Structure formats: structure tokens, C-alpha cells
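Let's walk through this model together, one question at a time. Have the sequence and the structure open as you read.

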Amino acid sequence: MKKLLLIACSIASLSSLQAQRDTTKKTVVVTSAYKPVLKPAAKINFSAAIPSADSSRPALTYSVPAQNLFFSYQPAALKPLALSIDTSFAWENSNFVKLGVGNYTTPFAQMGLSFGDGKTSLINVTARHISQKGSLPLQQYGRTNADVSGIFSSNGNIEWRGKAGVDLSNQYYYGYSPDTLKYSKDSLKQRFKTLSAMIGLRNKEVNSYGISYDPTLSINFFGDNRNGKEANLVLNAPVTKTFNDNLAFNVGFTADITSYQTFGDRKISNNLFYLSPSVGFKKPMFSVNAGITPSWDNKAFKLLPNFTALIKMEDERFVLQGGWIGYYQKNTFQSLAAFNPWIAQPNTLSNTRITESYAGFKGSVGSHFTFNAKLSALKYTNAVLFTNDFVDGKTFQTIYEPGMRALKIHGEAGYTAQEKFSFLGGITISKYSALKENSKAWGLVPLEITGALRWQVLKDLQFKSDVFLWDGPQFVTKGGVNTKLKSAYDLNAGVEFTIMPKLNLWLQFNNILNNKYQRWNQYQVLGFNVIGGIVYSFSQPAK
């Protein structure tokens with residue numbers, strides 16, 4: 001009975017479950033899984049071929065302003081200036097030894113040494129010797145000189161500089177006429193000796209008062225082998241007061257004192273003192289310097305003008321220049337012998353006073369070409385002239401022309417391409433007139449043309465050349481006849497090239513055209529001569 005009841009209950013439960021079941025069929029069909037992809041794109045193929053070279057040369061245009069230098073045309077001694085050392089590299093002391101030989105029995109030696117750290121001290125030592133013997137009797141000379149110079153600077157604003165040197169020269173009066181005359185060798189010997197020293201100081205930057213100064217003191221002792229002795233002391237003390245960028249006041253004091261003793265123990269004093277106050281006014285397109293120069297030439301007072309002006313054009317590549325200035329040419333036994341080495345001892349010393357009025361222009365064309373031209377009218381007082389003595393003509397007498405005028409034309413042009421090529425040529429034409437006591441300007445050259453070429457052909461090959469041409473000066477013969485020397489020309493060339501590190505070979509050709517001209521009457525120069533040798537350079541980093 002129980003079994004029948006259990007079966008009946010199971011059947012009832014099953015029937016109930018079937019009644020509740022959902023008979024609706026739902027089917028889901030999956031066709032594919034989602035996979036994101038990029039749209040196909042065209043690929044760029046790179047080839048390994050080298051691109052073809054561009055043979056066209058680009059036109060590089062640079063705007064370089066004209067570097068016009070403004071000078072007052074007042075004669076002044078050259079002064080070394082401090083070089084700002086680039087601290088990004090170590091300073092090196094450069095040294096060299098140059099040796100050579102040549103025809104005319106020519107030994108040559110030169111040396112240059114440098115010391116210092118390049119920041120607080122710079123010291124240079126140079127020495128040079130050369131001697132030659134020509135084909136004429138006693139046509140020989142020798143010269144030896146050496147000097148040491150230095151610049152010393154501290155952390156302050158003061159810089160000291162100094163220089164000391166010695167110069168020895170030997171030659172002979174070989175230009176006597178007639179050449180049948182007989183002289184002993186010692187009587188024709190001429191020897192000059194010079195001892196010199198200089199000291200100076202300056203402030204490297206304008207001080208808080210707007211003042212800059214640069215005084216120098218130099219002394220020279222000069223003499224010959226005929227008891228001629230000379231001592232010369234020069235004090236030059238310029239001071240500049242700057243008020244602003246446009247206005248400055250300049251004043252300088254110069255004392256040039258000379259004591260000269262001749263063969264007969266005759267003593268001569270030649271002293272020159274002058275002041276040079278001026279006012280400088282500068283604007284971007286023009287500058288003016290106006291002042292006077294009160295002077296005392298051996299106690300004789302003279303007031304000289306000092307006026308210069310510069311006017312720039314709009315592009316600053318063309319500058320007009322003009323001025324009216326007065327200055328002195330100090331004449332000493334040393335300066336006269338440097339100009340004419342064949343002079344006899346002068347019996348008197350007088351200074352040449354010059355008043356010059358000039359006008360001209362200068363400037364540049366492009367980035368490489370520069371030019372300068374000037375027309376001057378000069379008035380000389382006590383101009384120095386030279387004539388042969390009337391015995392045999394081997395020495396020259398110094399003559400002072402009390403009054404002379406001159407019209408001078410000077411022009412120069414230069415071309416520079418970086419540091420590899422440079423050429424500078426100049427011409428000076430001088431027309432002397434209105435002499436009071438002499439009929440001609442004896443010994444002065446009326447026309448002079450010069451040229452200088454420097455060319456770095458290759459990295460290790462350098463070439464240089466110089467040319468000189470001038471018209472012969474006037475001179476007077478023994479019989480008092482006025483005549484003129486022939487025109488002269490001289491062409492020189494040199495080359496230097498490297499054969500190994502620190503060692504160069506050099507050759508110098510002088511008077512290539514073998515023109516045996518006379519700069520001074522009766523004194524024929526050497527003909528074609530060649531000198532060659534080696535240059536050894538070395539350097540050592542400063543400690």
C-alpha cells in the first residue's frame with residue numbers, strides 16, 4: 001500500500017514539473033571572435049644609395065661694417081698694449097731659432113724667446129745678427145741687436161711695461177771718389193753703438209673719475225768710434241678725461257732733452273718741450289678733435305694748430321678726412337744717422353717744425369678692399385737736407401734749410417682675404433718748392449712706390465714679396481752742378497715651407513733684378529743676393 005502511495009506522489013510531482021517548464025526554444029549562434037586590425041597601408045621602401053652631391057655653390061653674403069681707424073696724424077711713438085688673454089686655453093710660450101747663409105759672405109742668425117703666464121706677465125727676448133761683404137772695396141757691414149721687453153699686470157687696474165736693448169753696427173765709407181784714392185781701413189771704419197731703455201705704466205680701464213693715463217720714460221745713449229756721444233731722454237705723459245660717450249678732454253706733456261758731444265768735445269744741447277691740450281667730440285657720423293700745441297723749441301716759443309675732423313657717409317664705408325696740424329721732427333745724431341748712415345758728425349742740431357693742412361678720404365669696398373688717399377700742403381722750418389762733402393764725397397754734410405714748402409700726395413690700397421692673402425700698395429709724390437737758401441731739396445726722394453704681398457699658398461707653404469720704386473733725389477757735384485740720381489727699383493721675394501713638425505726651410509731673394517742703384521750718391525747697393533736656412537720653433541706651456 002505504501003509503495004502505491006509513493007508511486008502516485010512521484011507521478012504527481014513529475015506532472016507538476018512538466019507543467020512549469022518553458023517550452024520556447026532560444027538559439028545563439030557565434031560566427032567569429034572580435035579581432036581589431038589596422039587598415040592595410042602602402043609601405044615606404046628605403047634604398048641604401050648615397051644621395052647625389054650638390055655641385056652648386058651657395059652665395060654666402062656677409063654684412064661686415066667698415067673698420068675705419070681714426071688717427072690724429074700726430075707723430076707719436078708706438079706703444080705696446082696689453083692683450084686680453086683667452087682663459088679658455090692654456091697660454092704657451094713660443095720660441096724660435098732662425099739660421100741661414102747666403103752669397104756675399106752672409107751669415108744670418110735670429111732668435112726669439114717668450115716667457116710668462118700670459119695673464120700677469122709677458123716677456124719677449126729677441127736677438128739678430130747679419131753681415132755682408134760686397135764686390136767693391138770695403139763694401140761690407142755688420143749689425144747685431146738684442147732687446148728684452150715685458151708687460152706686467154696685477155689684479156688691479158695698473159699695467160707696467162718696459163724695454164731694454166742694445167744695437168751695434170759696423171760699416172765703412174767705401175763711396176769715395178775717385179776710387180784711386182788710398183785710405184787705411186781703420187780711417188774708413190764707422191761704428192755706431194746704441195743703448196736704450198724704456199719704462200711706462202697705464203690704467204687698463206678708465207677709472208671712476210673718467211680718467212685714463214699712459215706716461216712713458218725712455219732714455220738712449222748713442223755714440224760712434226770718433227768720440228761722438230749723445231744722450232737723449234724723453235718723457236711723454238698723455239692724460240684723457242672722458243665726460244661721456246661723445247665728449248673727452250685730452251692733454252699731454254712731452255719733454256725731449258738731448259745732450260750731444262762732438263769730436264772736438266764741443267757740447268750741444270737740443271731740448272724740446274710742448275703741451276697738447278685738445279677737446280674731442282664724437283658722434284656716430286662724425287668726430288672732431290680741436291686743440292693747440294704750445295711749444296718751446298730750445299726756448300723759442302711757437303704755438304701750433306691741432307685740428308682734425310672725420311665725416312662718415314651713411315654706409316660707413318667712405319670717410320672724409322681733413323685737418324690743420326703742427327708738429328716737430330726731433331733731429332738728433334741718432335735719428336740723422338738712422339736716415340742717412342753715411343753722414344759725418346753734425347756740427348749743430350736743430351729741430352724741424354712742420355705745419356700741415358690736408359684733406360682726403362678713406363674707406364672700404366666690399367669685405368676685402370680698403371683704400372686711403374690724402375693731399376697735403378706742408379710748410380717746413382729747418383728742414384734737413386744732405387749733400388756730399390766736396391773733398392771726396394764719402395761723407396754727407398747735414399744742412400738745415402730755414403724755409404721750404406711741399407705739396408704731397410699719398411695714396412694706398414689693400415686687399416685682404418682672411419689670413420691667407422694680403423696685398424698693400426702705396427704711392428707718395430712730393431713736390432718741394434720755395435726753398436730760401438738751397439736750390440733743391442738735396443737727398444729727399446720726390447716719388448716713392450711700394451708694394452707688399454703675403455700669401456699662404458698651402459697650409460705649410462708661405463710666400464712673400466716686396467717691391468720698391470722711387471725717383472732719384474737731387475744732389476750737387478764737387479763743381480757745384482745740380483744733378484739727379486737715376487730712378488731705382490728693387491724686387492724681393494721669399495718662401496718658407498714646413499719639412500717636418502717644428503722645422504721649416506726658408507729662402508729669401510733680394511734685388512732679384514740685380515739693379516745696382518744708389519739711394520745715396522756714390523754708394524752703390526749690393527746686387528742680387530740670396531739667403532736661405534732653417535727655422536726651428538718650439539713652445540713650452542707656461543707654469
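Q: Which residue stands opposite lysine 267 of strand 11?
A: This is a predicted model, where local features need pLDDT of at least 70, side-chain atom pairs count only at pLDDT 80 or more, and totals for chains, interfaces and linings use all residues. Residues are numbered from 1 along each chain as its sequence is written, and side-chain values use heavy atoms, with hydrogens and water left out. Strand 10 (residues 247–261) and strand 11 run antiparallel, joined by 9 bridges; strands (E, at least two residues) and helices (H or I, at least four) are DSSP runs numbered from the N terminus, and two strands pair if DSSP finds at least two bridges between them. The residue opposite lysine 267 is glutamine 261.

Q: Which residue takes a positive phi in the hairpin of strand 10 and strand 11?
A: This hairpin has 5 residues between the strands. The residue with a positive phi, near 60 degrees, is aspartate 265.

Q: In strand 13, what is the bridge partner of leucine 272?
A: Strand 11 also runs antiparallel to strand 13 (residues 286–297), with 3 bridges joining them. Leucine 272 belongs to the covered face of strand 11, together with Ile268, Asn270 and Tyr274. Its bridge partner in strand 13 is aspartate 297.

Q: How confident is the predictor in the protein chain, as an average pLDDT?
A: pLDDT is the predictor's confidence in each residue, from 0 to 100. In the chain, 82% of the residues score at least 70, and the average is 86.

Q: Is threonine 332 buried or exposed?
A: Threonine 332 sits in the loop between strand 15 (318–329) and helix 3. Beyond its neighbours within four places in sequence, threonine 332 contacts Glu230, Thr258 and Leu349. Buried means under 20% relative accessible area, exposed over 50% and partly exposed in between, with a 1.4 Å probe and protein chains only. Threonine 332 has 7% relative accessibility, so it counts as buried.

Q: How far apart in sequence are the parts tied together by aspartate 167 and arginine 143?
A: These two form a salt bridge, with closest N and O atoms 2.7 Å apart; the rule asks for a side-chain nitrogen of Lys or Arg within 4 Å of a carboxyl oxygen of Asp or Glu. Aspartate 167 is buried at 17%, whereas arginine 143 is partly exposed at 40%. Because aspartate 167 lies in strand 5 (residues 158–172) and arginine 143 in strand 4 (residues 140–153), the parts they tie together are apart by 24 residues.

Key
Contact means heavy atoms within 4.5 Å.
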